[in-house]
Amino acid sequence: MTRFDPSGPLRGDLRPPPDKSISHRAALIGTMTEGTVEVTGYLDSADTRSTLDAVRALGGQVEDVGPSDGPGGIDLHITGIGLRGPGERFDATREAVAVDVGNAGTLLRLLPGWLAGQGTGAWVLDGDDSIRRRPVDRVAEPLREMGAKVECRDGRLPPLELIGASLRGISYRMPIASAQVKSCVLLAGLLAEGDTQVTEPAPTRDHTERLLAAWGADVSTEELRTLPTLGGGPVRRITIRRAERLTGAVVQVPGDFSSAAFMLVGATIVEGSRVRIAGVGLNPTRIGLLGILHRMGAAIEVDEHPESVEASGAILARHGPLEATRVHGEEVPLAIDELPLVALLGCFAEGTTVVSGAEELRHKESDRIATVVDGLAALGADIEATEDGFAVTGAGGLRGGSLDAQRDHRLAMLGAIAGLASREGVDVAGMDAAAVSYPGFEADLRALI
Ligand code: S3P
């Protein structure tokens, strides 16, 4: 158990660890290039180490150049094997190559897109107990439509077996708004005959498109229609063409907004707080929480630097009164990993905060509708689960108690922030789960107290 007592104000400056989503992509797409790419500030966490292990299992080289400038990162040189490298290097006299994805859902969903389109070769992707509960039919289905040979357990769960095949481009309308599925299909599109198109039901994070475009892929995005009132962005269709090669150079990974979000929300709900977070990624497809906080009346200021491949900047958060808000499905993907924090904010807001259209939360590292609602209810929250979200009524804060992280990193960090803002403190069981995305979380948090 790790104890988080009610705290005085959170004050000070912080740089969050590097972005997890961009780190996974930098390593994977870096391995698709021919030559060596420099990754500055690669997240040094359990999940992103799984991706480096996968890169090595496929024949890529990873050189650790040392700690990066900011906290929680390392600088890497990744020497790629080329877009068609996994197939070319496959030893047909041996069994399928085993890839252990650990706990990394992003790796589990992105890598099949690259492997499925190798004309030859065989791979099996598997991971820990939690990964074995994460659905992969969402990527198997579009890949099969493209001509891939994919098998999964009970038709929907890992292990996922792939045999390299020739793919053809498809036009795929995603039934769920998932950046992981979109990325998988786009990576497969690099190897497929003809154009591949993916239409999103609501905007999702676009790190894959940005990095592929920067490294020479022919990828373009059209905005189809705008959802005017619900807080989401335009629905988009992304088109990618077959590529012969990718030419990578340098990626600078900004700080992870999803990690910074815990400190932002902590500063918003702990009385007297003022926290400035610098060097944080501000990609518009990641910062839905800022719009939600704005509607809740939170005192947040953003200072954005001129954009390179990925926008970044600083955020200043101060404590203040909050009003309830509604978060609809269109906005959900832009704040998907921050919705547990919206539940916590709702405990401190005037009125009832309702999140709907967030059924996807049930398929994260834990069933985050159940674990967040049960976890916060046990701490005294007036919160109820719905099929696709939750409703939480502010009751002037939280009492406290204990919360089991259920091996979900974001639940562990939620418990810690809840503890600081509570009246009686919170004991978190399984705090070490935080290291999946934010290894220095506890030290960073305690430094602000
Ligand atoms: C991620 C996309 C999101 C998010 C996950 C990381 C990514 O999942 O929840 O933590 O890096 O693409 P989905 O877009 O599949 O919901």
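A crossing of two helices is right-handed if the near helix is turned clockwise from the far one by less than a right angle. The legends below describe close-up views of a predicted model.

**View 1. Helix α5 packs against helix α6.**
Two packed helices are described by the angle between their axes and the distance between the axes. Here α5 spans residues 137-145 and α6 spans residues 179-189. Their angle is about 30 degrees, and their axes lie 9 Å apart. Angles under 35 degrees count as roughly parallel, so α5 is roughly parallel to α6. The crossing of α5 past α6 is right-handed. From α5, the contact uses Arg138, Val139, Pro142 and Leu143. From α6, Val181, Cys184, Val185 and Ala188 take part. By class, seven of these contact residues are nonpolar, one is charged and none is polar.

Just after α5 comes glycine 147, with a positive phi of about 105 degrees.

**View 2. Serine 183 in helix α6.**
Is serine 183 buried or exposed? Serine 183 has 0% relative accessibility, so it counts as buried. Leaving aside residues up to four places away in sequence, serine 183 touches Arg25, Leu110 and Thr208.

**View 3. The hairpin of strands β4 and β5.**
Strand β4 covers residues 61-67, and strand β5 covers residues 73-79. The two pair in the antiparallel sense over six bridges. Glutamine 61 stands opposite threonine 79 of β5. Between the strands are five residues. Glycine 72 of this hairpin takes a positive phi near 80 degrees.

**View 4. An open sheet of four strands.**
The strand order is β19-β21-β23-β22, and the pairing is mixed. Which strands form the edges? They are β19 (326-327) and β22 (382-386), each pairing on one side only. Strands β21 (residues 352-355) and β23 (residues 389-393) pair in the antiparallel sense over four bridges. Valine 355 stands opposite phenylalanine 390 in β23.

**View 5. Helices α10 and α11 with the sheet.**
Helix α10 (residues 339-347) lies across β19, β21, β22 and β23. It runs at about 20 degrees to β23. Helix α11 (residues 368-378) packs on the sheet and touches β22 and β23. The direction of α11 makes about 160 degrees with that of β22.

Key: Residues are numbered from 1 along each chain as its sequence is written. This is a predicted model: local features need pLDDT of at least 70, side-chain atom pairs count only at pLDDT 80 or more; totals for chains, interfaces and linings use all residues. Side-chain values use heavy atoms; hydrogens and water are left out. Axes are lines fitted to C-alpha atoms, for helices over the stretch in contact, and angles run from 0 to 180 degrees between N-to-C directions. Angles under 35 degrees count as roughly parallel, over 145 as roughly antiparallel, 65 to 115 as roughly perpendicular and the rest as oblique. Contact means heavy atoms within 4.5 Å. Ala, Val, Leu, Ile, Met, Phe, Trp, Tyr, Cys and Pro count as nonpolar, Asp, Glu, Lys and Arg as charged, and the others, Gly among them, as polar. Two strands pair if DSSP finds at least two bridges between them. Buried means under 20% relative accessible area, exposed over 50%, partly exposed in between (1.4 Å probe, protein chains only).
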